[in-house]
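Welcome, and please load the model in your viewer. We will go from stop to stop, with something to select at each one.

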Amino acid sequence: MSSSYVPGLEGVVASQTAISMVDGENGRLVYQGYVIADLAEQMSFEEVAFLLWEGRLPNRSELDALSLELTNHRTLTQAANVTLDALPMDTDPMDVLRSVVSVQSVEHKLAKPTVPLAIHATASFPTILAMFFRRQNGLAPLKPRADLGHAANYLYMMNGKEASPEIVRALNTYLVLLADHGMNASTFTARVIASTESDLGSSLVGAIGALKGPAHGGAPSAVIEQLEIIGAADDAEKHMREMRRRKEKFMGFGHRVYRVYDPRAKILKEMCRRMNPKFYELAERVEEIALRILHEEHPERPQSTNVEFYSAGVLQAIGLPKEYFTPTFAAARVAGWSAHVLEQAGHNRIIRPQSEYIGPEPRKPIPLGERS
Amino acid sequence: MADFSPGLEGVVAAETAVSEVDGANGRLIYRGGYLIEDLVPVVSYEEVAYLLWNGELPNEKELDALRQQMASARALNKSARGTLTAMDPATDPMDTLRTVVSAQGAAKSLMKPTLEEAVALTAVFPTIVGAIQRRRQGKEIVEPRADLGHSANLLWMMTGEEPSAEKVHWVDSYLVLLADHGLNASTFAARVVASTGSDLTSCVVGAIATLKGPAHGGATLAARTMLDKIGSADNAEKWLTEAHARHERFSGFGHRVYRTYDPRAKILREMAQSANPELAKTAGRTEEVALRILHEAHPDRPNATNVDFWASVVLTGAGIPKELFTTIFATSRVAGWTAHVLESMSDLRLIRPASRWVGPQPGKKPLQLTKR
């Protein structure tokens with residue numbers, strides 16, 4: 001009953017889900033029935049996290065209860081604090097996040113994934129990132145502020161001062177936009193882990209490891225680095241054509257699912273235009289050239305600016321250092337990861353595909369002394 | 001779009017030469033084409049690790065070089081030591097392993113997986129597992145011994161005593177038998193993480209997280225726990241009949257791939273008779289009764305004793321406490337995980353399956369908070 005090998009499992013349905021749908025044909029991202037454009041600038045991250053976990057938007061008292069539970073779990077355990085301090089100052093923040101989330105979520109006895117555990121994990125991500133950021137910069141750690149929402153508290157714990165409402169709104173929108181995205185590689189990792197009946201912390205740690213890869217979440221900082229190089233060139237187009245001759249990739253382009261403009265990129269592009277005009281001016285020019293060159297190379301492929309391209313400009317305008325772009329992506333996606341783990345645990349079957357053996361036919365081993 | 005196959009059963013997700021599970025004929029083939037029953041009597045764990053990584057068994061010189069390389073990579077770095085000592089000794093051993101491996105591999109910048117790193121990671125597992133056991137007992141951590149092989153050093157670090165040749169043989173055989181097993185869930189998780197371009201530590205941490213689940217690596221502990229409940233050969237009939245009437249699953253039975261007796265279970269069953277005759281007697285009677293009950297209930301299903309069942313007896317005989325079984329499994333499988341990741345590097349393609357939407361019809365408009 002084994003089917004033939006599908007590289008990258010492209011087009012293979014690995015799960016049924018009611019959490020989010022990426023409608024690549026029509027350029028729609030849907031969370032529990034709501035189109036992302038209807039949520040992005042109207043809802044708080046907390047409301048969207050509730051939506052992903054519970055399948056519906058919260059009413060006022062449910063939202064208050066969730067906010068309280070989140071603020072009550074913004075501190076780290078003692079072991080997590082020690083781990084955070086034991087890691088070298090120049091550690092990749094994604095490795096810090098992977099390690100500290102791992103220690104923060106340890107248990108004595110295997111626990112089933114629950115919504116409260118998802119809330120606690122989600123609450124801890126900004127604290128871990130902000131504490132490490134401040135340590136790297138020789139700044140004293142700050143206590144979380146219970147009077148601030150999720151996005152505002154993250155920025156406060158990083159910077160030691162309250163961010164402007166515009167900046168808080170922008171980060172909130174970013175977190176909402178990135179909170180879930182169908183069966184992406186890190187979410188799929190989380191579900192594979194959950195499928196063995198492992199715990200929620202294990203799923204999240206695995207997902208962080210997957211998100212770290214440049215083919216997934218690890219590229220937004222590379223967008224900025226590439227734009228800086230192109231921006232410094234006398235002739236951007238000439239430089240970019242040379243890059244392609246050297247087989248270099250344009251960062252922030254290409255997606256397996258969308259056939260039309262990524263709806264998240266559209267919203268982020270507009271935010272970027274408002275908030276980061278300098279970045280926008282260069283980015284828009286580079287986007288136009290990149291799409292033109294990519295179209296010349298592969299006219300059959302669709303237009304492909306992805307979410308990372310303009311999110312780099314938005315996160316920069318928010319004031320986050322580029323090493324914290326991917327970790328901030330994780331701070332958004334943790335809501336989706338944990339929602340998927342809860343869903344997987346609800347109708348579980350171990351995810352155990354097959355492989356096709358391409359090695360030699362069976363033969364006998366030669367004893368050690370006789371091997372050449 | 002393809003049909004949904006729950007658990008990706010029967011879906012080919014990778015091509016591999018690292019190992020092949022030939023379920024129809026009850027054969028496990030390791031890289032190079034060697035049958036597991038041909039390898040166990042003649043090779044050490046280090047030789048099998050070399051085989052899985054390099055595609056051929058080492059000669060004496062190559063084996064010496066690998067042993068030296070592993071012996072010199074057994075120490076924990078400062079981050080890992082700091083993390084380990086911060087953790088409550090009563091923490092689930094798999095959580096400690098996951099966290100300490102994550103800290104040990106925390107790096108400044110993203111590195112492509114290398115063979116050297118695979119060797120170093122594999123070498124450090126016994127150090128962590130040994131320390132976990134010593135801390136659980138409230139004893140001092142034992143330093144690694146460069147004059148001992150992988151398995152002997154593992155037992156040395158757990159007990160602080162030089163192990164008998166027999167115990168080393170049982171543990172080493174177990175490590176050889178469990179080192180790889182096709183595209184099992186943890187190996188698949190490692191390959192999904194690798195497919196994003198992430199680092200080797202992230203892959204291995206994700207695999208540990210997956211192995212922790214009772215439906216995967218946790219099954220050895222579950223088998224031993226069931227044998228403890230049964231208590232004696234005389235009680236097997238009564239206990240299993242009652243458990244079956246309560247619709248309890250028998251631990252140590254059932255596997256998705258094998259249609260005949262698992263070849264690893266066969267070898268371990270034999271070894272169990274000398275490793276722990278008393279427990280082997282209980283296990284033997286348990287197996288007999290369990291298979292009879294299962295056959296009566298499902299005459300269509302194949303004979304189904306799995307590797308976990310007899311592994312639990314052999315590991316007990318080697319003096320390993322059952323709470324550490326899954327970490328010993330991981331200590332073996334890390335060779336396979338890293339071999340799969342290294343293999344996938346040659347043709348890296350993002351593993352990103354699709355999902356099927358089963359949620360509400362897209363496009364419903366969100367209500368304002370006050371109207372919910």
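Helices (H or I, at least four residues) and strands (E, at least two) are DSSP runs, numbered from the N terminus. This is a predicted model, in which local features need pLDDT of at least 70, side-chain atom pairs count only at pLDDT 80 or more, and totals for chains, interfaces and linings use all residues. Residues are numbered from 1 along each chain as its sequence is written, while chains are lettered from A and ligands numbered from 1 in the order in which they are written.

**Stop 1: chain A.** Select chain A and colour by secondary structure: there are 16 helices and 5 strands. Its radius of gyration (taken over C-alpha atoms) is 22 Å, close to the 21 Å from the globule rule (2.2 Å times the number of residues to the power 0.38) for 372 residues, so chain A is as compact as a globular protein of that length. Along the principal axes, the C-alpha trace of chain A spans about 70 × 60 × 45 Å.

**Stop 2: between the chains.** Now show both chains. Here 96 residues of chain B are in contact (C-beta atoms, placed from the backbone, within 7 Å) with 101 residues of chain A. On the chain B side, the largest share, 6 residues, comes from helix H10 (residues 200-211).

Next, select residues 13-17 of chain A and 354-357 of chain B. These are strands S1 of chain A and S5 of chain B, which pair (DSSP finds at least two bridges between paired strands) in the parallel sense over 4 bridges. To find one of the bridges, pick A:Thr17, whose partner in S5(B) is B:Trp357.

**Stop 3: a sheet in chain B.** Strands S2, S3 and S4 of chain B, in that order, form an open antiparallel sheet. Its edge strands are S2 (19-22) and S4 (34-35), each pairing on one side only. S2(B) is joined to S3(B) (residues 27-30) by 4 bridges; B:Val21 has B:Leu28 as its bridge partner in S3(B).

**Stop 4: two helices in chain B.** Finally, select H13 (residues 263-275) and H15 (residues 307-317) of chain B. They pack at an angle of about 30°, with axes 8 Å apart; axes are lines fitted to C-alpha atoms, for helices over the stretch in contact, and angles run from 0 to 180 degrees between N-to-C directions. That makes H13(B) roughly parallel to H15(B) (angles under 35 degrees). Show side chains to see who meets whom: among them are B:Leu268 and B:Met271 in H13(B), and B:Phe309 and B:Trp310 in H15(B).

Conventions. Angles under 35 degrees count as roughly parallel, over 145 as roughly antiparallel, 65 to 115 as roughly perpendicular and the rest as oblique. Two residues are in contact if their C-beta atoms, placed from the backbone, lie within 7 Å.
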